[in-house]
Amino acid sequence: MRFTISGLFFLLALLPGWSQQDYAVSFEHEGLTVMGTFTTPEGPGPFATIIINPGSGASDRDGTLPMIGANIGCLYPNLLGDTLRHYKGLGEALVDSGYAVLRYDKLEYSYPTSLGAITFEKLWLPVRSAIDYVKSRPDVDPENIILLGHSEGSTLIPHIAKNRDDIRALISVGGARTPFDSIFAFQLVDFTQRCNGNVAVAQAQAATILNYFTQIRNNNWNAGTPPLFGVPASAWYDYVQATDPVVDNYNENQLPTLFIGMELDINVPPSELDMFEAQVTITDDFWLIPGLNHYMTRNDDPKVSQMLSDTIIYWLRGQNISTGND
């Protein structure tokens, strides 16, 4: 059942917040060091722990996104000149309600020129090693580890979870039911149209991407197939094998799962939430939050919306996923 958030969730804001402790942490993944921040409420725990699996691109642990350039001026004019830090804002809000949170720098951010051979495992699945890391901490409740995927991260968390038995719940925020290549092709053309760019060029670029992935899905690639976005065809093949279709992975997990869409999301439109609702059979929790864009903020405020964090907290408590200090 689709729910639209109301002001009732702001009752959560009346509850007292926790003092927070940040720890600079690192863990190994595929021979590289992943750097991150682990934040806990005050106290020894053990805490239910949320790992934020970020979206596409070379983002840092905060999700730092300077809102500059012509496209930003076109798409988000009232945020132009601001800097978004959506993973930091979301993480701190969740810790404020008693949950521990791990967020980390993506490897392509930390190693922009020295990643070495790119594989699906290396580039997209550091969260596997993140799970192992948090389980080694005495302040983490190993029975209550939650994966929160944003955007492309939502596509990956059910694949990761279905091969493990140590994940308590999944949360999709701004995730797409449509495969990566199709949603990216849509964005190319849609953003160009919105900003009065060269639509014919954008359509040609989109067609190239879709044709490339048709070859990948049909297994019509070989060692001579060129990389796309710097990623070899072999890694893209593993990617689509693991994530197509994403809805099957969610259904196979049989885990408590929350799907959140944002009303003003132009990257992953609310219609993607509709498709999840029509095809996912293991949950009735599909929530649309009014007035928010893909980056979890309003179009005139760089702060992560409290409606989003309150919704997640409300749902977690409804699943009896409690904090270490409850």
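Visitor: What percentage of the 326 residues in the chain do buried residues make up?
Guide: This is a predicted model, in which local features need pLDDT of at least 70 and side-chain atom pairs count only at pLDDT 80 or more, while totals for chains, interfaces and linings use all residues. Residues are numbered from 1 along each chain as its sequence is written, and side-chain values use heavy atoms, with hydrogens and water left out. A residue is called buried under 20% relative accessible area, exposed over 50% and partly exposed in between (1.4 Å probe, protein chains only). By that criterion, the buried share of the 326 residues is 54%.

Visitor: What radius of gyration does the chain have?
Guide: The radius is taken over C-alpha atoms, and the globule rule is 2.2 Å times the number of residues to the power 0.38. For 326 residues, a compact globule would have a value near 20 Å, and the chain agrees with this at 19 Å.

Visitor: Which residues have the most contacts inside the largest nonpolar core?
Guide: A nonpolar core is a set of buried Ala, Val, Leu, Ile, Met, Phe, Trp, Tyr and Cys residues joined through side-chain atoms within 4.5 Å. The largest such core has 55 residues, and those with the most contacts inside it are Ile 51, Leu 102, Trp 124, Leu 147 and Trp 236.

Visitor: Which residues is Leu 147 in contact with, leaving aside its neighbours within four places in sequence?
Guide: Contact means heavy atoms within 4.5 Å. With those neighbours set aside, the partners of Leu 147 are Ile 51, Val 127, Ile 131, Ile 157, Ile 160, Ile 167, Ala 169, Leu 170 and Ile 171.

Visitor: How many salt bridges does the count come to?
Guide: A salt bridge is a side-chain nitrogen of Lys or Arg within 4 Å of a carboxyl oxygen of Asp or Glu. One of them joins Glu 121 to Arg 128, with the closest N and O atoms 2.6 Å apart. Asp 132, Lys 135, Arg 164 and Asp 166 are linked in a network of such bridges. The count comes to 14.

Visitor: Are Asp 139 and Arg 137 buried or exposed?
Guide: These two residues form a salt bridge whose closest N and O atoms are 3.0 Å apart. Asp 139 has a relative accessible area of 11%. Arg 137 has 15% relative accessibility. Asp 139 is therefore buried, and Arg 137 likewise counts as buried.

Visitor: How many residues apart are Arg 217 and Asp 244?
Guide: The side chains of Arg 217 and Asp 244 meet in a salt bridge at 2.5 Å, N to O. This pair links distant parts of the chain, with Arg 217 in helix α8 (residues 199-217) and Asp 244 in the loop between α9 (233-243) and α10 (246-253). Helices (H or I, at least four residues) and strands (E, at least two) are DSSP runs, numbered from the N terminus. The separation between Arg 217 and Asp 244 is 27 residues.

Visitor: Which residues does Asn 249 touch, not counting residues up to four places away in sequence?
Guide: Asn 249 has its place in helix α10. At 3% relative accessibility, Asn 249 counts as buried. Beyond four places in sequence, Asn 249 touches Pro 158, His 159, Lys 162, Ala 242 and Thr 243.
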